[in-house]
Amino acid sequence: MQRIAADSPKDRLTIRNVLAAFVRNHDFYTTRPPASQCTAPLRDLYLTRTIKRLPSDVHEALTIASSLTVQGDALADFSETRFPRVELSKARLSRADLTRADLTFAGLWAADLTSANAAAACLTRANLTDANLGKADLRSADLYDAQLGGANLSGADLRGADLRSVSG
């Protein structure tokens, strides 16, 4: 699909939107109705000490959909996806819409979240070490106990974000 999008610029956004919809419909809680924020109980996540890997098709769809977004486009819509304890190190999610996404305990070290919209996202205890959050919208995001060592936050909007116990 990435090749088709490259060969047919008029279909690029349609392909991106189809891939983003695929990701939204294959999160870890598709059988449950979406909650407003932080869907995974912290107690359960503490007991489950393993980081989950996204299925390869979902990971590729997430990566490709994000890469098909260029400046001036609407953001790739991954809003309200629920991927607690997911490993997304070095993920390229620049210009992604992660509004109200549940990324509790997510491994996002060295991820590119430049200009991403993560307003009201749950990033409780997320590992954002060396992540690029430049110009990211993190308004009202829950970053409680997140690891931000080496993260680029230049130009990030942190108004109303929960930054208690943040490290780094």
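## Basis of the description

The model is predicted, so local features need pLDDT of at least 70 and side-chain atom pairs count only at pLDDT 80 or more, while totals for chains, interfaces and linings use all residues. Residues are numbered from 1 along each chain as its sequence is written, and side-chain values use heavy atoms, with hydrogens and water left out.

## Salt bridges in the model

Side chains of opposite charge can pair when their charged atoms come close. A salt bridge is defined here as a side-chain nitrogen of Lys or Arg within 4 Å of a carboxyl oxygen of Asp or Glu. The count by this rule is 11 salt bridges.

Helices (H or I, at least four residues) and strands (E, at least two) are DSSP runs, numbered from the N terminus.

Arg-12 is buried, at a relative accessible area of 19%, and Asp-73 is buried with a value of 19%. Buried means under 20% relative accessible area, exposed means over 50%, and partly exposed lies in between (1.4 Å probe, protein chains only).

## The pair Glu-80 and Arg-100

Glu-80 forms a salt bridge with Arg-100, and their closest N and O atoms are 2.8 Å apart. Because Glu-80 lies in the loop between β1 and β2 (96-97) and Arg-100 in the segment after β2, the pair ties together parts that are 20 residues apart in sequence. Glu-80 is partly exposed at 30% relative accessibility, and Arg-100 is partly exposed at 35%.

Arg-139 forms a salt bridge with Asp-157, the closest N and O atoms lying 3.6 Å apart. Both residues are in the segment after β2, and the pair ties together parts that are 18 residues apart in sequence. Arg-139 is partly exposed, at 36% relative accessibility, whereas Asp-157 is buried, at 18%. Through salt bridges that share partners, Asp-137, Arg-139, Asp-157 and Arg-159 form one network.

Asp-162 is also placed in the segment after β2. Leaving aside residues up to four places away in sequence, Asp-162 touches Ala-141, Asp-142, Leu-143 and Tyr-144, where contact means heavy atoms within 4.5 Å.
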